[in-house]
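Subject: Structure for you to look at

Hello,

Here is the structure I said I would pass on. Please open it first, then read the notes below beside it.

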Amino acid sequence: MANDLKQEKMAGLKVLFATSEVAPLVKTGGLGDVSGALPAALCAIGVDVRVLVPGYRQVIAQLAQHEAVAEFDKLPDFPSARLLSGVMPNGVPLLVLDCPELYQRDGGPYQDAGGQDWSDNPLRFGLLSKIAAVLGGSASPLNWHPDLVHCNDWQTGLTPAYLHFEPGAVPSVITIHNMAFQGNFAPETVQELGLPPSCFGINGVEFHGYLSFLKAGLYYADHITTVSPNYAKEIQRAELGFGMQGLLSQRSGDLTGILNGIDTDEWNSATDKHLVKKFSAARMAGKAADKEYLQCRLGLDIVPDVPLLGVISRFTHQKGLDLLLEIAPRLIGLPVQLAMLGSGEAQMQQAAIELSYRYPGKVGVNIGFNEALAHQIEAGADMFIMPSRFEPCGLNQLYSQRYGTPPIVHSTGGLADSVVDCTAETLRDRTASGFVFKGMTAENLFVTIRRAVDLYHDQRQWKVLRKNCMAKDFSWEASAEAYRAVYLKLLGR
Ligand code: ADP
């Protein structure tokens, strides 16, 4: 009976998931991972999800088969575009927004090859937002009509605004993956993107004299979610609200924090195609071979017993790597080795490279984005370092736990929600899964890494810690259920 009721409520729950990146087709960070995995997890529990993504060159190139299902050549303010229907490698139906003049170019989704934001980003993501709203409106050209539109970050932040001004449109949810990226543009953009001038005000899309895509989403969406319960609280306060804390605290009744899951097929050390040796909690021997491979690949001394610290990160102030670089000489003396992968701010990249020159065989640095090496670091490192100043959820600390690589993290956002600090008590009750420091200082990071290194040399305890990490369930199932509950509540079902 209860099951029948659930079935009835679920019947035909249809969600359009609008996003600017989706792994493995296009990814610059956590948003890509979430957009790749959450829709699949929702499909697995019976939600009918379609993912809408821009037709960047690499997306179109990877579409095995596709057909044009809609044309948009009469939208005022926007260039002509088409919608192609395809399928993600994981089987989730895909809608690709094909507009070559906006999306088919060399470079990244948001920036050119030189790291400059594309100057037409307002139009590029204005169109993406608009099309998501058209598909959620009464004049959609598709046979498939969603019950709601789920938007993500500023790039689809205008969708809730467009939906708001369209009679008969479906409700919307927006997920904040990072408050630091807001999509703020000149006020003229309001008119250029066909929004009514009246919406440019504090009760609308305006943020300190600019049109803010993110603010638009937060103001007009029917529900807001973010990627961890702790971050949902933090963004309602001045330190991490990036100026939008007032709006978010006013809307706290409509704000839900749901911890991200991970793609447990993609991040599975027992089957990971990027590893020289697979391993699992029951058979850990392969991890030592992966460490040796990583040392070899990054030009580190091949020593089994010196703890190897891994980093995979955007090199930005947010990620707190400046603290790590500051204490690196002291760390090397413990001794430890350092394996770093990432790219970002030129100064930080340079500092990391200089460190590797100064400590050959002890510090290995790879500047760039490299999926295979990311997997190899998660597997081959002994510990994973993530001293983020703020972190909405963070995925690498979830991957590292699953790969038996205890993370060392600052107590913020999703890091605080997903890592249990190692103490005598948490080791005893088998909940310990990493090392957490409070107070964002280089000294606190150093002391915490030293604490981890001390435990590492107690191999019996270290094995317990690794086992705890690997036993944790970070699959998407529970989170997908939480999103479904948000949808059903919003629809009054
Ligand atoms: P953010 O989205 O803030 O960059 P997250 O931890 O949420 O941070 O997600 C980052 C994702 O991007 C992870 O899957 C991580 O492995 C990946 N990643 C980040 N930098 C690199 C890199 N240089 N090479 C490969 N993968 C990377």
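Helices α2 and α21 are roughly perpendicular to each other, because an angle between 65 and 115 degrees counts as such. Their packing angle is about 75°, and their axes lie 9 Å apart. Please keep in mind that this is a predicted model.

In that contact, α2 (residues 30-44) contributes L38, A41 and L42, which meet A480, Y483, R484 and Y487 of α21. Sorted by class, the residues of this contact are six nonpolar, no polar and one charged.

Next, the overall layout. The chain is divided into domain 1, made of 2-261 + 477-490, and domain 2, made of 285-474. The centres of the two domains, taken over C-alpha atoms, are separated by 32 Å. Where they meet, 19 residues of domain 1 are in contact with 18 residues of domain 2.

The sheet

There is an open sheet of nine strands with mixed pairing. Its strand order is β3-β4-β5-β2-β1-β6-β7-β11-β12. Which strands are at the edges? They are β3 (67-72) and β12, each of which pairs on one side only. Averaged over the sheet, neighbouring strands are turned by 25° against each other, direction ignored. Helix α21 (residues 477-490) packs on this sheet and touches β1 (14-18), β6 (148-152), β7, β11 and β12. The direction of α21 makes about 145° with that of β7.

As background, strands of a sheet pair through backbone hydrogen bonds, either parallel or antiparallel. Both kinds can be found here, as the pairs below show.

Start at the β3 end. Strand β3 pairs with β4 (residues 81-87) in the antiparallel sense over five bridges. Strands β4 and β5 form a hairpin with five residues between them. In the turn of that hairpin, G91 has a positive phi of about 95°.

Now go to the β12 end. Strand β7 (residues 172-176) pairs with β11 in the parallel sense, over four bridges. On this side of β11, T226 is the bridge partner of I176. Strand β11 is joined to β12 (residues 255-257) by three bridges, and these strands run parallel too. In β12, L255 is the bridge partner of I224, and G257 is the bridge partner of T226. Which way do the residues of β11 point? In β11 (residues 223-226), H223 and T225 point one way, while I224 and T226 point the other way. All four of these residues, H223, I224, T225 and T226, are buried.

Is helix α15 (residues 371-380) mostly covered or mostly uncovered? Helix α15 is mostly covered, with eight of its 10 residues buried. The buried residues are L373, A374, H375, Q376, I377, E378, A379 and G380. Their cover includes the helices α12 (285-297) and α16 (396-402). It also includes the strands β13 (308-315), β14 (337-344), β15 (363-367) and β16 (383-386).

Helices α19 (residues 442-456) and α20 (residues 459-471) pack at an angle of about 110°, and their axes are 7 Å apart. That angle makes α19 roughly perpendicular to α20. On the α19 side the contact has A452, L455 and Y456, which meet Q459, Q461, W462 and L465 of α20. By class, this contact has five nonpolar, two polar and no charged residues.

A single residue

The last item is T159, which is found in helix α6 (residues 158-164). T159 has a relative accessible area of 0%, so T159 is buried. Leaving out residues up to four places away in sequence, T159 touches S129, A132, A133, V149 and C151.

Regards

Definitions and conventions. Residues numbered from 1 in each chain as written. Predicted model: local features only at pLDDT ≥ 70, side-chain atom pairs only at ≥ 80, totals over all residues. Heavy atoms only, no water. Axes fitted to C-alpha atoms, helices over the stretch in contact; angles between N-to-C directions. Helix = DSSP H or I, 4+ residues; strand = E, 2+ residues; numbered from the N terminus. Parallel < 35°, antiparallel > 145°, perpendicular 65-115°, else oblique. Contact = heavy atoms within 4.5 Å. Nonpolar A, V, L, I, M, F, W, Y, C, P; charged D, E, K, R; others polar. Buried < 20%, exposed > 50% of the residue type's maximum accessible area, 1.4 Å probe, protein only. Pairing = 2+ DSSP bridges. Domains from an automatic or database assignment.
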